[in-house]
Amino acid sequence: MLELQVLAGDPSAEEIAAVTVVLLSGSGADVAGEVPAPVSRWRASAIPGAAGRPGPGAWRASALPAQR
């Protein structure tokens with residue numbers, strides 16, 4: 001919960017609302033109260049660099065059967 005306290009001056013309701021929006025937008029809080037949709041695994045696989053880079057031998061291991 002955000003608590004806003006005016007220490008000096010006499011701000012209008014519009015000024016307080018504007019300051020509140022600016023503070024909440026910078027804090028990462030969701031002003032509208034909407035929950036962002038989760039990213040599906042299908043979509044996450046299309047994001048470049050999301051899964052990291054393949055390690056050494058990854059190309060060969062993708063084509064050859066596993067050795068035990």
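Along the sequence, the protein runs α-α-α. Its secondary structure amounts to three helices and zero strands. The model is predicted. Mean pLDDT for the protein is 76. Of its 68 residues, 0% count as buried.

**Confidence**
- A pLDDT of 70 or more is reached by 71% of the residues.
- Helix α1 has the highest confidence in the protein, at a mean of 84.
- Confidence is lowest in helix α2, which covers residues 41–46 and has a mean of 74.

**Helix α1 and V19**
- Helix α1 spans residues 13–27, and V19 lies in this helix.
- Is V19 buried, exposed or partly exposed?
- V19 counts as partly exposed because its relative accessibility is 42%, and that class sits between the buried limit of under 20% and the exposed limit of over 50%.

**Surface**
- The protein exposes about 6,800 Å².
- Which residues make the nonpolar surface patch?
- The patch is made by L4, V6, I16, V19 and L23.
- The area of this nonpolar patch is about 380 Å².

Key
Residues numbered from 1 in each chain as written. Predicted model: local features only at pLDDT ≥ 70, side-chain atom pairs only at ≥ 80, totals over all residues. Heavy atoms only, no water. Patch = residues over 30% accessible without salt bridge, like charges linked within 9 Å, V, L, I, M, F, W, Y side chains within 5 Å. Areas by Shrake-Rupley, 256 points an atom, 1.4 Å probe, with all protein chains shown as cover. Salt bridge = Lys/Arg side-chain N within 4 Å of Asp/Glu carboxyl O. Helix = DSSP H or I, 4+ residues; strand = E, 2+ residues; numbered from the N terminus. Buried < 20%, exposed > 50% of the residue type's maximum accessible area, 1.4 Å probe, protein only. pLDDT = per-residue confidence, 0-100.
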